[in-house]
Amino acid sequence: MNRPIPDPGSFRDPCGRIYHCGGKVYRTITAQARDDFEFVRGTGLIDRLVGDGRVIAGELVSADGFPNGLAEGVAHVVEHPRLPFISYPYEWPFPALKAAALLHLDIQTEALDAGVALSDASAYNIQFRGAQPAFIDLLSFRRYRDGEMWSGHRQFCEQFLNPLLLRAKCGVAHNAWYRGSQEGISASDLRRLLPWTSKLSRNILLHVVAQSAFQKVSMTPSANGKAPLQTRFPTASYRGMLAKLRGWIATLEPADTGATVWRDYAKSHSYADDEIAAKQGFIAEFAQALKPKLIWDLGCNTGDFSAVALGNGAKYAVGFDMDQGALEQAFARAASTDLSFTPLYLDGANPSPSQGWNERERPGLAGRATADAVIALAFVHHLAIGRNIPLPDLAAWLTGLAPHGVVEFVPKRDPMVQRLLALRDDIFPDYTAEHFQHCLSQSAEIIEARTVTQSGRTLIRFRRPVTGR
Amino acid sequence: MITPDSLLQSLPVWLSADLVTPAFAYLDPGTGSMIVQLLLGGIAGALVVGKLYWQRFKGFFSRKGTASPAPSQDD
């Protein structure tokens with residue numbers, strides 16, 4: 001057996017660690033966490049939550065199969081199924097972060113009923129399968145001690161509630177801030193930004209304003225020799241707090257509900273129905289030929305072409321876009337039709353970097369590029385003309401993301417490119433379909449190029465040489 | 001302008017309470033969160049917070065009322 005490699009992002013909880021070995025994912029449970037782990041297993045809570053898909057499955061395996069590979073003092077080893085794609089809360093659109101927050105609260109509530117508490121409230125403990133959030137950290141489940149406080153409350157606020165409030169009360173999406181501040185948004189920062197009228201709300205007064213004000217209180221042992229004040233957090237209050245938060249978060253919606261540039265693009269775009277059918281047909285053929293396990297859809301908009309790929313043999317699609325309105329519609333589509341499609345926020349010219357501790361805790365997009373295929377429709381001109389990315393660089397990046405792909409080239413005479421050039425000089429003499437194909441052919445083989453609209457939009461299918469990368 | 005926000009900001013307090021904290025807590029729950037939970041914990045918790053402020057209030061005056069010890073002749 002290969003030597004197990006510890007996951008660089010799994011180090012915070014001393015009760016265990018994630019390892020990768022032979023393409024599989026294992027979680028260790030150390031001796032100090034053994035009692036809690038066995039207690040929680042005995043309650044049947046995890047089996048119920050795994051049964052309805054809210055917690056990722058985990059099967060006990062023998063630790064003897066890992067000679068010398070694991071840290072010392074391991075009591076149990078659990079094998080988890082590998083997820084199609086790991087995403088982070090700074091990549092989630094608003095409804096995904098909201099769904100994750102509600103899942104966390106629901107699990108907490110059910111756990112309390114079983115005498116179990118969650119030791120933290122990290123948003124990174126939730127991953128998506130399609131639009132369905134699933135909790136992935138078995139070690140967060142601990143025995144509940146009567147009267148104990150909700151130790152993850154502050155973290156819940158910073159990683160779920162405050163980023164949601166930023167959008168719901170200030171109309172600002174959480175993604176850029178969250179990416180720069182991986183622990184989320186603090187109550188004291190949010191408090192400075194919230195309109196004062198919003199602070200009249202009991203919930204905001206309590207979870208943002210009061211929490212931020214009291215954070216400056218110094219918590220010290222009794223200095224004057226007197227016995228410290230004894231207090232406990234009654235279980236009924238714990239439950240009530242979770243229920244109130246859940247009810248409140250369920251009502252939160254983005255404040256900026258006006259039209260975004262791309263939200264209605266599928267209805268208002270500049271080409272005809274038969275031209276859309278031609279594009280869909282090309283993607284359908286591509287998906288049928290490859291049957292990719294994982295396909296990336298760059299500039300996914302509301303997910304039309306991901307849906308086509310999934311309907312034609314693709315197993316799982318991850319969409320990327322930077323328009324919040326389009327992403328919200330894409331997420332709603334995935335949720336309502338139970339599509340294996342996860343839409344995520346991404347600026348193609350500035351993809352998620354590798355970051356966190358030692359720059360290895362949260363891999364960047366390139367570090368997670370395990371797709372079998374990539375499609376980039378109506379995407380290239382936004383980077384080439386909108387962001388001045390040179391075509392050779394763009395072609396090399398695209399062909400590096402997956403071994404197979406379809407890229408759409410939108411020529412200068414197309415109204416969408418004309419719009420990009422309307423207020424600036426055309427400094428792109430090389431921006432032609434021929435030159436772009438030449439650039440692609442430097443790192444991949446062009447399988448087919450088909451013009452699909454009257455304006456001259458061309459779909460180019462490429463394949464990277466087997467020895468490539 | 002006096003807002004609930006600014007009032008809260010103006011209340012310094014030192015908290016000395018023995019709270020039931022979870023075993024193996026590797027996460028700092030944060031003082032702000034703990035006091036919010038004390039308040040939510042009903043009358044008992046709110047009384048604790050009230051008592052903390054009262055002790056602080058009393059402490060402020062008792063310190064003022066106590067004469068500082070005379071300097072020692074040995075100094």
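A: A salt bridge here is a side-chain nitrogen of Lys or Arg within 4 Å of a carboxyl oxygen of Asp or Glu. By that rule, the structure holds 24 of them over all chains. The model is predicted, so local features need pLDDT of at least 70 and side-chain atom pairs pLDDT 80 or more, while totals for chains, interfaces and linings use all residues. Residues are numbered from 1 along each chain as written, chains are lettered from A and ligands numbered from 1 in the order written, and side-chain values use heavy atoms, without hydrogens or water.

Start with R12(A). R12(A) pairs with E361(A), and the closest N and O atoms are 2.6 Å apart. This pair links distant parts of the chain, 349 residues apart. R12(A) sits in the loop between β1 (5-6) and β2 of chain A. E361(A) sits in the loop between β14 (341-345) and β15 (373-376) of chain A. Helices (H or I, at least four residues) and strands (E, at least two) are DSSP runs, numbered from the N terminus.

R12(A) has a relative accessible area of 37%, so it is partly exposed. E361(A) has 5%, so it is buried. The cut-offs: buried is under 20% relative accessible area, exposed over 50%, partly exposed in between (1.4 Å probe, protein chains only).

E361(A) has another partner. R362(A) forms a salt bridge with E361(A), with the closest N and O atoms 3.3 Å apart. Both R362(A) and E361(A) are buried. Through shared partners, salt bridges join R12(A), E183(A), E361(A) and R362(A) into one network.

The side chains of D113(A) and R239(A) meet in a salt bridge at 2.4 Å, N to O. D113(A) lies in helix α3 (residues 94-113) and R239(A) in helix α8 (residues 235-251), both of chain A, so the pair ties together parts 126 residues apart in sequence. D113(A) counts as exposed because its relative accessibility is 56%. R239(A), at 32%, counts as partly exposed.

For reference elsewhere in chain A, take L394(A), in helix α14 (residues 391-401). L394(A) is buried, with a relative accessible area of 1%. L394(A) and A31(A) are 363 residues apart in sequence and 50 Å apart in space, C-alpha to C-alpha.

Chain B has three helices and two strands. From the N terminus on, the order is α-β-β-α-α. Of the 75 residues in chain B, 35% are buried. F57(B) lies in helix α3 (residues 43-65) of chain B. F57(B) is partly exposed, at 45% relative accessible area.
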